[in-house]
Amino acid sequence: MKKVIMLFLLGFLLGGFPLSGYAQDQKKDGASVEAKDAFDARMKWWREARFGMFIHWDMSSIAGTEISWSRKATKPLDIFGDKAGYVEDPVYDNLYKQFNPVKFNAREWVKLAKAAGMKYLVFTAKHHGGFCMWDTKLTDYSIMNTPFKRDVVKELAEACHRAKMPFGIYYSQRDWHHPDYGIGDNAKYHAYIKGQLTELLTNYGKVDVMWFDSYGRGDSIQYWHADEILALVKRLQPQIIVNNRSGFFGQSVPSIRGDFDTPEERLGNFQNTRPWESCMCMVTAPGGGWSYRKDGKVKHSADCLRMLVGCATGDGNLLLDAGPDAQGVIPDDQAGVLWEVGQWMKTYGESIYGTRGGPFRNGGWGGSTYKGKLIYLHVSKWNDNRLTLPPLKGNVVKCSVLGNRKAKPVVEQNGQGLVVTLPQEHQDKHNTVVVLKLNAPAENELVNGKPL
Ligand code: H79
(Lines give C-alpha, C1' and ligand atoms only; values in the text may rest on other atoms or scores of the structure.)
Protein backbone atom coordinates (compact mmCIF):
# COMPACT_ATOMS: atom_id res chain seq x y z
CA MET A 1 0.00 0.00 0.00
CA LYS A 2 2.81 2.36 1.02
CA LYS A 3 4.54 1.58 -2.24
CA VAL A 4 1.42 2.49 -4.17
CA ILE A 5 1.18 5.83 -2.39
CA MET A 6 4.87 6.48 -3.04
CA LEU A 7 4.44 5.70 -6.70
CA PHE A 8 1.39 7.91 -6.85
CA LEU A 9 3.31 10.74 -5.24
CA LEU A 10 6.23 10.24 -7.59
CA GLY A 11 3.87 10.27 -10.55
CA PHE A 12 2.34 13.48 -9.31
CA LEU A 13 5.74 15.05 -8.87
CA LEU A 14 6.85 13.96 -12.30
CA GLY A 15 3.64 15.18 -13.80
CA GLY A 16 3.41 18.41 -11.89
CA PHE A 17 7.05 19.36 -12.24
CA PRO A 18 8.44 17.97 -15.47
CA LEU A 19 12.01 16.95 -14.70
CA SER A 20 13.03 17.38 -18.28
CA GLY A 21 12.78 21.11 -18.72
CA TYR A 22 15.08 23.16 -20.87
CA ALA A 23 18.78 23.54 -20.44
CA GLN A 24 18.80 27.15 -21.47
CA ASP A 25 15.87 28.30 -19.39
CA GLN A 26 16.74 28.84 -15.79
CA LYS A 27 13.36 28.81 -14.13
CA LYS A 28 13.05 31.40 -11.41
CA ASP A 29 11.66 28.94 -8.88
CA GLY A 30 14.84 26.88 -9.38
CA ALA A 31 12.75 23.77 -9.97
CA SER A 32 13.33 21.14 -12.57
CA VAL A 33 15.89 22.61 -14.90
CA GLU A 34 17.33 19.95 -17.13
CA ALA A 35 21.09 19.67 -16.70
CA LYS A 36 23.22 20.39 -19.74
CA ASP A 37 24.44 16.78 -19.86
CA ALA A 38 20.90 15.46 -19.90
CA PHE A 39 19.91 17.93 -22.58
CA ASP A 40 22.91 16.97 -24.73
CA ALA A 41 22.16 13.28 -24.26
CA ARG A 42 18.54 13.77 -25.28
CA MET A 43 19.52 15.82 -28.35
CA LYS A 44 22.39 13.56 -29.43
CA TRP A 45 20.66 11.49 -32.13
CA TRP A 46 18.95 14.54 -33.56
CA ARG A 47 22.13 16.59 -33.77
CA GLU A 48 24.04 13.76 -35.37
CA ALA A 49 21.23 13.08 -37.86
CA ARG A 50 21.48 16.51 -39.52
CA PHE A 51 18.96 15.65 -42.23
CA GLY A 52 15.28 14.75 -41.92
CA MET A 53 12.21 14.40 -44.10
CA PHE A 54 9.17 16.59 -43.61
CA ILE A 55 5.91 15.39 -45.18
CA HIS A 56 2.86 17.60 -45.71
CA TRP A 57 -0.11 15.55 -46.78
CA ASP A 58 -3.86 15.46 -46.57
CA MET A 59 -6.88 15.65 -48.92
CA SER A 60 -5.72 19.03 -50.26
CA SER A 61 -3.56 16.87 -52.55
CA ILE A 62 -6.72 16.09 -54.53
CA ALA A 63 -7.07 19.75 -55.52
CA GLY A 64 -3.29 20.05 -55.79
CA THR A 65 -3.49 23.44 -54.05
CA GLU A 66 -1.61 24.53 -50.92
CA ILE A 67 -2.50 22.61 -47.76
CA SER A 68 -4.93 24.61 -45.57
CA TRP A 69 -3.90 28.00 -46.97
CA SER A 70 -5.89 27.41 -50.14
CA ARG A 71 -9.15 27.09 -48.19
CA LYS A 72 -10.74 30.42 -48.82
CA ALA A 73 -12.22 31.01 -45.36
CA THR A 74 -11.05 33.69 -43.01
CA LYS A 75 -8.34 32.36 -40.83
CA PRO A 76 -9.22 33.49 -37.32
CA LEU A 77 -6.36 35.20 -35.48
CA ASP A 78 -3.88 34.38 -38.15
CA ILE A 79 -1.10 36.82 -38.28
CA PHE A 80 -1.09 36.83 -42.05
CA GLY A 81 -4.82 36.95 -42.73
CA ASP A 82 -6.36 35.60 -45.90
CA LYS A 83 -3.80 35.78 -48.67
CA ALA A 84 -3.95 32.47 -50.43
CA GLY A 85 -7.63 31.73 -50.92
CA TYR A 86 -8.23 29.64 -53.97
CA VAL A 87 -10.71 26.91 -53.07
CA GLU A 88 -14.21 27.82 -51.88
CA ASP A 89 -14.93 26.43 -48.42
CA PRO A 90 -17.78 24.12 -49.39
CA VAL A 91 -15.50 22.54 -51.97
CA TYR A 92 -12.45 22.31 -49.70
CA ASP A 93 -14.49 21.05 -46.77
CA ASN A 94 -15.88 18.19 -48.80
CA LEU A 95 -12.68 17.07 -50.48
CA TYR A 96 -12.04 14.52 -47.77
CA LYS A 97 -15.12 12.58 -48.81
CA GLN A 98 -13.23 11.55 -51.95
CA PHE A 99 -9.84 11.02 -50.32
CA ASN A 100 -8.78 7.51 -51.17
CA PRO A 101 -5.01 7.30 -51.59
CA VAL A 102 -4.94 3.61 -52.39
CA LYS A 103 -1.27 3.61 -53.33
CA PHE A 104 -0.16 4.89 -49.91
CA ASN A 105 2.52 2.64 -48.48
CA ALA A 106 4.23 3.95 -45.37
CA ARG A 107 7.18 1.61 -45.83
CA GLU A 108 7.84 3.02 -49.29
CA TRP A 109 8.02 6.54 -47.92
CA VAL A 110 10.42 5.48 -45.20
CA LYS A 111 12.49 3.59 -47.76
CA LEU A 112 12.71 6.70 -49.91
CA ALA A 113 13.71 8.86 -46.95
CA LYS A 114 16.45 6.35 -46.14
CA ALA A 115 17.63 6.30 -49.74
CA ALA A 116 17.94 10.08 -49.57
CA GLY A 117 20.14 9.78 -46.50
CA MET A 118 17.48 11.26 -44.25
CA LYS A 119 17.65 10.14 -40.63
CA TYR A 120 14.22 11.08 -39.27
CA LEU A 121 10.76 11.82 -40.54
CA VAL A 122 8.13 14.37 -39.44
CA PHE A 123 4.55 14.02 -40.63
CA THR A 124 1.62 16.46 -40.58
CA ALA A 125 -0.94 14.72 -38.36
CA LYS A 126 -3.05 17.89 -38.53
CA HIS A 127 -2.31 21.08 -40.47
CA HIS A 128 -3.99 24.48 -39.96
CA GLY A 129 -7.04 23.28 -41.90
CA GLY A 130 -7.90 20.99 -38.99
CA PHE A 131 -8.18 17.71 -40.88
CA CYS A 132 -6.85 14.79 -38.82
CA MET A 133 -4.78 12.05 -40.41
CA TRP A 134 -5.23 9.63 -37.52
CA ASP A 135 -8.06 7.79 -35.81
CA THR A 136 -9.04 10.59 -33.44
CA LYS A 137 -12.09 10.14 -31.24
CA LEU A 138 -12.44 13.89 -30.85
CA THR A 139 -13.74 14.93 -34.25
CA ASP A 140 -15.38 13.37 -37.29
CA TYR A 141 -13.18 15.47 -39.55
CA SER A 142 -10.60 12.72 -39.94
CA ILE A 143 -9.12 10.10 -42.21
CA MET A 144 -11.46 7.52 -40.65
CA ASN A 145 -14.38 9.21 -42.41
CA THR A 146 -12.83 9.10 -45.85
CA PRO A 147 -13.28 6.15 -48.22
CA PHE A 148 -9.70 5.23 -47.23
CA LYS A 149 -10.46 4.70 -43.51
CA ARG A 150 -6.85 3.89 -42.59
CA ASP A 151 -4.95 5.47 -39.73
CA VAL A 152 -2.06 7.05 -41.63
CA VAL A 153 -0.22 8.18 -38.50
CA LYS A 154 -0.32 4.63 -37.18
CA GLU A 155 1.03 3.14 -40.39
CA LEU A 156 3.80 5.72 -40.60
CA ALA A 157 4.76 5.34 -36.96
CA GLU A 158 4.95 1.57 -37.40
CA ALA A 159 6.99 1.82 -40.58
CA CYS A 160 9.44 4.21 -38.91
CA HIS A 161 9.78 2.08 -35.80
CA ARG A 162 10.39 -1.00 -37.88
CA ALA A 163 13.10 0.82 -39.88
CA LYS A 164 14.59 2.39 -36.72
CA MET A 165 13.86 5.79 -38.18
CA PRO A 166 12.99 8.37 -35.53
CA PHE A 167 9.40 9.52 -36.00
CA GLY A 168 8.09 13.03 -35.48
CA ILE A 169 4.60 14.45 -35.38
CA TYR A 170 3.68 17.87 -36.75
CA TYR A 171 0.56 19.18 -35.04
CA SER A 172 -0.90 22.59 -35.90
CA GLN A 173 -2.45 24.38 -32.96
CA ARG A 174 -4.05 26.75 -35.41
CA ASP A 175 -7.25 25.08 -36.54
CA TRP A 176 -9.37 27.02 -39.00
CA HIS A 177 -12.03 24.34 -39.08
CA HIS A 178 -12.72 23.98 -35.36
CA PRO A 179 -15.59 26.23 -34.22
CA ASP A 180 -13.89 27.08 -30.94
CA TYR A 181 -10.44 27.97 -32.22
CA GLY A 182 -9.84 31.64 -31.58
CA ILE A 183 -13.47 32.71 -31.80
CA GLY A 184 -15.44 30.20 -29.75
CA ASP A 185 -15.05 28.69 -26.30
CA ASN A 186 -11.31 28.78 -25.66
CA ALA A 187 -11.46 26.35 -22.74
CA LYS A 188 -13.11 23.84 -25.01
CA TYR A 189 -10.45 24.29 -27.66
CA HIS A 190 -7.68 23.93 -25.09
CA ALA A 191 -9.23 20.64 -23.95
CA TYR A 192 -9.48 19.51 -27.58
CA ILE A 193 -5.77 20.10 -28.17
CA LYS A 194 -4.82 18.31 -24.98
CA GLY A 195 -7.07 15.41 -25.87
CA GLN A 196 -5.63 15.10 -29.36
CA LEU A 197 -2.05 15.33 -28.16
CA THR A 198 -2.80 12.67 -25.58
CA GLU A 199 -4.03 10.40 -28.36
CA LEU A 200 -1.03 11.08 -30.57
CA LEU A 201 1.52 10.69 -27.81
CA THR A 202 -0.06 7.62 -26.22
CA ASN A 203 -1.35 5.43 -29.02
CA TYR A 204 1.57 5.35 -31.45
CA GLY A 205 4.54 4.14 -29.44
CA LYS A 206 7.63 6.26 -29.21
CA VAL A 207 7.37 9.70 -30.77
CA ASP A 208 10.78 11.29 -31.18
CA VAL A 209 9.95 14.81 -32.29
CA MET A 210 7.02 17.11 -31.57
CA TRP A 211 6.75 19.76 -34.27
CA PHE A 212 4.31 22.49 -33.28
CA ASP A 213 3.43 25.33 -35.63
CA SER A 214 2.30 28.18 -33.41
CA TYR A 215 -1.03 29.67 -32.45
CA GLY A 216 -2.36 32.80 -34.06
CA ARG A 217 -2.37 35.99 -32.02
CA GLY A 218 -2.91 35.68 -28.29
CA ASP A 219 -0.72 35.44 -25.20
CA SER A 220 1.16 32.14 -25.29
CA ILE A 221 0.78 31.51 -21.57
CA GLN A 222 -2.23 33.46 -20.31
CA TYR A 223 -4.48 32.68 -23.22
CA TRP A 224 -3.15 29.55 -24.89
CA HIS A 225 -1.58 27.86 -21.84
CA ALA A 226 1.27 26.62 -23.99
CA ASP A 227 3.37 25.86 -20.89
CA GLU A 228 0.73 23.40 -19.73
CA ILE A 229 0.61 21.79 -23.15
CA LEU A 230 4.37 21.45 -23.27
CA ALA A 231 4.39 19.84 -19.84
CA LEU A 232 1.81 17.33 -21.05
CA VAL A 233 3.93 16.49 -24.10
CA LYS A 234 7.01 15.96 -21.93
CA ARG A 235 5.09 13.84 -19.46
CA LEU A 236 3.73 11.54 -22.16
CA GLN A 237 7.06 11.23 -24.04
CA PRO A 238 9.89 12.17 -21.68
CA GLN A 239 12.66 11.88 -24.30
CA ILE A 240 10.80 13.79 -27.00
CA ILE A 241 12.46 16.73 -28.76
CA VAL A 242 10.16 19.73 -29.16
CA ASN A 243 10.55 22.72 -31.46
CA ASN A 244 10.14 26.35 -30.43
CA ARG A 245 6.61 26.87 -31.74
CA SER A 246 4.41 25.67 -28.92
CA GLY A 247 3.08 29.19 -28.27
CA PHE A 248 2.36 32.13 -30.52
CA PHE A 249 5.59 32.67 -32.44
CA GLY A 250 5.05 36.38 -32.49
CA GLN A 251 5.80 36.25 -28.77
CA SER A 252 8.98 34.75 -27.36
CA VAL A 253 8.60 33.24 -23.91
CA PRO A 254 11.61 31.50 -22.29
CA SER A 255 9.61 28.76 -20.58
CA ILE A 256 8.30 27.48 -23.92
CA ARG A 257 11.35 27.99 -26.09
CA GLY A 258 11.63 24.23 -26.48
CA ASP A 259 14.71 22.43 -27.72
CA PHE A 260 15.45 23.90 -31.13
CA ASP A 261 14.89 26.95 -33.33
CA THR A 262 13.04 26.72 -36.64
CA PRO A 263 13.98 29.08 -39.45
CA GLU A 264 11.37 28.45 -42.15
CA GLU A 265 12.02 28.56 -45.90
CA ARG A 266 15.44 30.04 -45.25
CA LEU A 267 18.82 28.82 -44.06
CA GLY A 268 19.55 29.56 -40.45
CA ASN A 269 22.53 31.73 -39.58
CA PHE A 270 25.55 30.16 -37.93
CA GLN A 271 24.48 29.22 -34.39
CA ASN A 272 26.20 26.64 -32.20
CA THR A 273 24.81 27.76 -28.86
CA ARG A 274 21.38 26.26 -29.40
CA PRO A 275 20.19 23.56 -31.82
CA TRP A 276 18.26 24.64 -34.90
CA GLU A 277 16.61 23.17 -37.95
CA SER A 278 15.68 24.91 -41.21
CA CYS A 279 12.51 23.52 -42.75
CA MET A 280 12.44 23.98 -46.50
CA CYS A 281 10.26 22.92 -49.40
CA MET A 282 11.57 20.71 -52.16
CA VAL A 283 8.92 22.19 -54.42
CA THR A 284 8.49 25.83 -55.39
CA ALA A 285 4.90 26.99 -55.90
CA PRO A 286 3.03 30.29 -55.36
CA GLY A 287 2.00 30.65 -51.72
CA GLY A 288 3.75 27.55 -50.46
CA GLY A 289 4.99 24.29 -51.91
CA TRP A 290 4.72 22.24 -48.72
CA SER A 291 1.96 19.94 -49.94
CA TYR A 292 1.49 18.39 -53.39
CA ARG A 293 1.03 21.19 -55.92
CA LYS A 294 -0.10 20.69 -59.46
CA ASP A 295 1.57 24.02 -60.31
CA GLY A 296 4.75 23.17 -58.40
CA LYS A 297 8.27 23.00 -59.72
CA VAL A 298 10.72 20.76 -57.96
CA LYS A 299 14.09 22.23 -57.02
CA HIS A 300 17.30 20.82 -58.42
CA SER A 301 19.12 18.29 -56.23
CA ALA A 302 22.16 20.61 -56.25
CA ASP A 303 19.98 23.30 -54.65
CA CYS A 304 18.74 20.88 -52.02
CA LEU A 305 22.33 19.86 -51.29
CA ARG A 306 23.35 23.49 -51.02
CA MET A 307 20.61 23.89 -48.41
CA LEU A 308 21.82 20.83 -46.52
CA VAL A 309 25.46 21.95 -46.58
CA GLY A 310 24.37 25.47 -45.59
CA CYS A 311 22.62 24.05 -42.54
CA ALA A 312 25.37 21.63 -41.50
CA THR A 313 28.13 24.24 -41.82
CA GLY A 314 25.98 26.64 -39.76
CA ASP A 315 25.60 23.90 -37.09
CA GLY A 316 21.97 23.17 -37.90
CA ASN A 317 19.72 20.50 -39.38
CA LEU A 318 17.70 20.50 -42.58
CA LEU A 319 14.12 19.20 -42.63
CA LEU A 320 13.42 18.87 -46.33
CA ASP A 321 9.78 18.71 -47.28
CA ALA A 322 8.02 16.36 -49.69
CA GLY A 323 4.38 16.54 -50.78
CA PRO A 324 2.81 13.18 -51.72
CA ASP A 325 -0.01 13.16 -54.26
CA ALA A 326 -3.66 12.15 -53.87
CA GLN A 327 -2.79 8.53 -54.60
CA GLY A 328 -0.40 8.50 -51.65
CA VAL A 329 2.72 8.49 -53.77
CA ILE A 330 5.70 10.83 -53.55
CA PRO A 331 5.79 11.95 -57.19
CA ASP A 332 8.67 10.88 -59.43
CA ASP A 333 10.19 14.35 -59.76
CA GLN A 334 10.49 14.70 -55.98
CA ALA A 335 11.60 11.09 -55.56
CA GLY A 336 14.26 11.64 -58.23
CA VAL A 337 15.74 14.58 -56.33
CA LEU A 338 15.73 12.58 -53.12
CA TRP A 339 17.51 9.74 -54.83
CA GLU A 340 20.20 12.07 -56.22
CA VAL A 341 20.71 13.63 -52.82
CA GLY A 342 21.11 10.12 -51.40
CA GLN A 343 23.73 9.27 -53.99
CA TRP A 344 25.76 12.31 -52.96
CA MET A 345 25.40 11.39 -49.31
CA LYS A 346 26.90 7.97 -49.93
CA THR A 347 30.24 9.57 -50.68
CA TYR A 348 30.01 12.83 -48.76
CA GLY A 349 27.77 11.89 -45.83
CA GLU A 350 30.75 11.62 -43.47
CA SER A 351 31.21 15.39 -43.85
CA ILE A 352 27.61 15.96 -42.67
CA TYR A 353 26.47 13.28 -40.19
CA GLY A 354 27.73 13.54 -36.66
CA THR A 355 29.62 16.75 -37.37
CA ARG A 356 29.35 20.20 -35.85
CA GLY A 357 29.38 23.44 -37.80
CA GLY A 358 32.74 25.27 -37.76
CA PRO A 359 35.46 25.92 -36.80
CA PHE A 360 35.31 28.47 -39.64
CA ARG A 361 32.24 30.64 -39.92
CA ASN A 362 30.36 29.89 -43.13
CA GLY A 363 30.22 32.58 -45.78
CA GLY A 364 30.44 33.31 -49.50
CA TRP A 365 33.22 30.74 -50.06
CA GLY A 366 31.23 27.92 -48.41
CA GLY A 367 31.61 26.64 -44.87
CA SER A 368 33.10 23.95 -42.70
CA THR A 369 32.10 21.10 -40.45
CA TYR A 370 34.27 19.20 -38.02
CA LYS A 371 34.43 15.88 -36.23
CA GLY A 372 37.30 14.80 -33.99
CA LYS A 373 40.56 15.88 -35.61
CA LEU A 374 38.98 16.35 -39.03
CA ILE A 375 37.76 19.55 -40.64
CA TYR A 376 35.60 19.30 -43.77
CA LEU A 377 35.78 22.39 -45.95
CA HIS A 378 32.74 22.65 -48.21
CA VAL A 379 34.06 24.96 -50.87
CA SER A 380 31.56 26.39 -53.33
CA LYS A 381 33.66 29.35 -54.48
CA TRP A 382 37.42 29.33 -55.09
CA ASN A 383 39.56 32.32 -55.72
CA ASP A 384 41.01 30.87 -58.93
CA ASN A 385 42.52 27.79 -57.39
CA ARG A 386 42.98 29.08 -53.88
CA LEU A 387 41.01 29.41 -50.69
CA THR A 388 42.29 31.61 -47.88
CA LEU A 389 41.04 31.14 -44.33
CA PRO A 390 41.92 32.45 -40.86
CA PRO A 391 44.88 30.75 -39.11
CA LEU A 392 44.51 27.56 -37.10
CA LYS A 393 46.28 26.74 -33.85
CA GLY A 394 46.70 23.09 -34.78
CA ASN A 395 48.85 21.70 -37.56
CA VAL A 396 47.34 20.20 -40.67
CA VAL A 397 49.00 16.80 -40.97
CA LYS A 398 47.04 15.57 -43.98
CA CYS A 399 44.84 17.08 -46.66
CA SER A 400 42.65 15.36 -49.24
CA VAL A 401 39.53 15.81 -51.35
CA LEU A 402 36.58 13.62 -50.45
CA GLY A 403 35.52 11.37 -53.32
CA ASN A 404 38.52 12.31 -55.45
CA ARG A 405 41.68 10.34 -54.77
CA LYS A 406 43.57 11.93 -57.63
CA ALA A 407 43.30 15.44 -56.26
CA LYS A 408 46.31 16.59 -54.26
CA PRO A 409 45.36 19.78 -52.45
CA VAL A 410 48.22 21.74 -50.95
CA VAL A 411 47.94 23.50 -47.60
CA GLU A 412 50.15 26.32 -46.41
CA GLN A 413 49.85 27.48 -42.82
CA ASN A 414 51.33 30.39 -40.99
CA GLY A 415 50.32 32.94 -38.39
CA GLN A 416 48.47 34.97 -40.99
CA GLY A 417 46.23 32.27 -42.27
CA LEU A 418 45.69 29.00 -44.00
CA VAL A 419 45.75 28.69 -47.76
CA VAL A 420 44.42 25.68 -49.64
CA THR A 421 45.40 25.33 -53.29
CA LEU A 422 43.60 23.00 -55.65
CA PRO A 423 43.86 22.96 -59.44
CA GLN A 424 40.59 23.82 -61.16
CA GLU A 425 40.27 20.43 -62.81
CA HIS A 426 39.72 18.91 -59.35
CA GLN A 427 37.18 21.48 -58.22
CA ASP A 428 33.57 20.34 -58.16
CA LYS A 429 31.29 22.89 -59.78
CA HIS A 430 28.91 22.85 -56.80
CA ASN A 431 30.87 21.84 -53.75
CA THR A 432 34.39 20.51 -53.30
CA VAL A 433 34.83 18.81 -49.95
CA VAL A 434 38.42 19.21 -48.72
CA VAL A 435 39.37 17.22 -45.64
CA LEU A 436 41.97 18.61 -43.28
CA LYS A 437 43.39 16.30 -40.65
CA LEU A 438 44.81 18.11 -37.65
CA ASN A 439 47.18 16.98 -34.92
CA ALA A 440 44.60 17.99 -32.27
CA PRO A 441 40.81 18.11 -31.91
CA ALA A 442 39.24 20.62 -34.30
CA GLU A 443 36.96 21.78 -31.51
CA ASN A 444 39.98 23.46 -29.86
CA GLU A 445 40.03 25.91 -32.74
CA LEU A 446 36.85 27.60 -31.61
CA VAL A 447 37.51 30.70 -29.54
CA ASN A 448 35.26 30.70 -26.48
CA GLY A 449 32.96 28.45 -28.47
CA LYS A 450 32.81 30.92 -31.34
CA PRO A 451 33.79 30.14 -34.95
CA LEU A 452 36.77 31.76 -36.67
O1 H79 B 1 3.35 23.97 -42.62
C2 H79 B 1 4.13 24.91 -43.30
C3 H79 B 1 3.39 26.21 -43.48
O4 H79 B 1 2.08 26.01 -44.00
C5 H79 B 1 3.34 26.70 -42.07
N6 H79 B 1 4.61 26.28 -41.51
C7 H79 B 1 5.26 25.40 -42.44
C8 H79 B 1 6.05 24.34 -41.75
C9 H79 B 1 3.14 28.13 -41.88
N10 H79 B 1 2.18 28.59 -41.11
N11 H79 B 1 2.27 29.90 -41.07
N12 H79 B 1 3.27 30.24 -41.81
C13 H79 B 1 3.84 29.18 -42.36
C14 H79 B 1 3.66 31.60 -42.00
C15 H79 B 1 2.75 32.21 -43.01
C16 H79 B 1 3.23 32.52 -44.26
C17 H79 B 1 2.40 33.25 -45.19
FE18 H79 B 1 1.50 32.85 -46.90
C19 H79 B 1 2.94 34.08 -46.17
C20 H79 B 1 1.02 33.45 -45.11
C21 H79 B 1 0.66 34.41 -46.09
C22 H79 B 1 1.84 34.81 -46.75
C23 H79 B 1 1.99 30.98 -47.39
C24 H79 B 1 2.35 31.84 -48.38
C25 H79 B 1 0.63 31.07 -47.27
C26 H79 B 1 0.17 31.96 -48.16
C27 H79 B 1 1.20 32.46 -48.87
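Which residues does Val-153 touch, not counting residues up to four places away in sequence? Val-153 touches Phe-123, Ala-125, Met-133, Trp-134, Phe-167, Ile-169, Leu-200 and Tyr-204. This is a predicted model.

**Nonpolar cores**

- The largest nonpolar core has 92 residues.
- Leu-121, Phe-123, Val-153 and Met-210 have the most contacts inside this core.
- Domain 1 (21-351) and domain 2 (356-445) both give residues to this core, so the core lies between them.
- A second core is separate and has 22 residues. Tyr-370, Leu-418, Leu-422 and Leu-446 are among them.

- Strand S9 covers residues 317-322. Six of its six residues are buried, so S9 is largely enclosed by the rest of the structure.
- In a regular strand, side chains alternate between the two faces of the sheet.
- Asn-317, Leu-319 and Asp-321 point one way from S9. Leu-318, Leu-320 and Ala-322 point the other way.
- Strand S1 (residues 51-55) pairs with S9 in the parallel sense, over five bridges. Here Ile-55 stands opposite Ala-322.
- Strand S6 (residues 277-281) also pairs with S9 in the parallel sense, over five bridges. Here Ser-278 stands opposite Leu-318.

**The open sheet**

- Five strands form an open sheet, in the order S10-S11-S12-S17-S14. Their pairing is antiparallel.
- Strands S10 (356-357) and S14 (396-401) stand at the edges. Each has a single partner strand, so one side of each is left without a neighbour in the sheet.
- Two bridges join S10 to strand S11 (residues 366-371).

**Helices H9 and H10**

- Helix H9 (residues 301-313) lies across S10, S11 and strand S12 (374-379). H9 runs at about 60° to S11.
- Helix H10 (residues 332-348) has 17 residues. From its first C-alpha to its last, H10 reaches 24 Å, close to the 24 Å expected at 1.5 Å a residue.
- An α-helix has 3.6 residues a turn, so residues three or four places apart point the same way.
- The buried residues of H10 are Gln-334, Ala-335, Val-337, Leu-338, Val-341, Gly-342, Trp-344, Met-345 and Tyr-348.

Definitions and conventions
Residues numbered from 1 in each chain as written. Predicted model: local features only at pLDDT ≥ 70, side-chain atom pairs only at ≥ 80, totals over all residues. Heavy atoms only, no water. Pairing = 2+ DSSP bridges. Helix = DSSP H or I, 4+ residues; strand = E, 2+ residues; numbered from the N terminus. Contact = heavy atoms within 4.5 Å. Axes fitted to C-alpha atoms, helices over the stretch in contact; angles between N-to-C directions. Core = buried A, V, L, I, M, F, W, Y, C linked by side-chain atoms within 4.5 Å. Buried < 20%, exposed > 50% of the residue type's maximum accessible area, 1.4 Å probe, protein only. Domains from an automatic or database assignment. Expected span 1.5 Å × (residues − 1).
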